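Please take a look at the sequence and structure first.

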Amino acid sequence: MTEKILILSLVLFSITIIVALFRIIRGPSMPDRVVALDMIGVTLLSMIAIVSILLKTKAFLEVILILGILSFIGTIAFSKYLERGKIIERKSDS
Amino acid sequence: MKTNDVILKTVTKVVVFIILTMAVYLFFSGHYSPGGGFIGGLVLASAIVLMYLAAGIEIVHKGMPFDFKIIAAIGVLLATGTGFASVLFGQDFLTQAAIAVHFPLIGEKELASVVLFEAGVTLTVVGVVVTIILNISEGGE
């Protein structure tokens, strides 16, 4: 019973990724694509958690944390590029 | 245009310490569970890159005045040095040893010389990744 629920949630997460993929392909502007990529990152993280429950292992828990960190840093880098044109500045202007 | 990124800077001040703790955990857990020098070095480098993103190159260099090329060189020296240390004891190159040491508070722990090799790998990865990112981001030296 638990396994069926987990597989059902995996299917639902897959549908979420497909919907976000539609936003990446058809997105009219660049920020739409960045938000969709961030959403795919979070969804993938949840799918890894469910897969690690299904496989009854604790070996994937570091992967979840690292994927969260990388998705965060990638989104920040993209949004700094969209706002200012360069990612790492020589000198902070504040 | 005056930009205001106080939220990014405040979040970075908290999150960098979490990422650094994660890097240290991954480095030390590499013997018995997933982790190790390479991925620990990558997470450490991502924390440094997050600081560069939030504060700019000059401010980070004021607090952390390392030349990352020298850090990569120190890492390679450490990794090959642990290999040659086993030659000095009459063993083959890169032979690793481990001893069990009794610590006063945390009990019996195993100290292995692989940790020094992994520290070399970590320093090399951090130096190489940060050097690449700084050089392609038009900052450079």
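## The interface

How many residues of chain A are in contact with residues of chain B? Counting contact as heavy atoms within 4.5 Å, 21 residues of chain A touch 29 residues of chain B. This is a predicted model, in which local features need pLDDT of at least 70 and side-chain atom pairs count only at pLDDT 80 or more, while totals for chains, interfaces and linings use all residues. Residues are numbered from 1 along each chain as its sequence is written, chains are lettered from A and ligands numbered from 1 in the order in which they are written, and side-chain values use heavy atoms, with hydrogens and water left out.

The two chains bury about 2,200 Å² between them, and carbon and sulfur atoms give 66% of that; buried area here is the accessible area (1.4 Å probe) that two parts lose on being put together, summed over both. On the chain A side, Glu62(A), Ile88(A) and Arg90(A) lose the most area to chain B, together 32% of what that side buries.

## Charges that link the chains

A salt bridge is a side-chain nitrogen of Lys or Arg within 4 Å of a carboxyl oxygen of Asp or Glu.

Glu89(A) has a relative accessible area of 10%, Asp5(B) is buried at 16%, and Arg84(A) is partly exposed at 24%. Together with Lys9(B), these residues, Lys80(A), Arg84(A), Glu89(A) and Asp5(B), are linked in a network of salt bridges.

## Helix α2 of chain A

Helices are DSSP runs (H or I, at least four residues), numbered from the N terminus. Helix α2 of chain A covers residues 30-54, and its 25 residues reach 36 Å from the first C-alpha to the last, close to the 36 Å expected at 1.5 Å a residue; the expected span is 1.5 Å times one less than the number of residues.

The buried residues of α2(A) include Val34(A), Ile40(A), Met47(A) and Ile50(A). Among what covers the buried residues of this helix are α1 (2-26) and α3 (61-84) of chain A. Just after α2(A), Lys56(A) takes a positive phi of about 55 degrees.

Notes: Helix = DSSP H or I, 4+ residues; strand = E, 2+ residues; numbered from the N terminus. Buried < 20%, exposed > 50% of the residue type's maximum accessible area, 1.4 Å probe, protein only.
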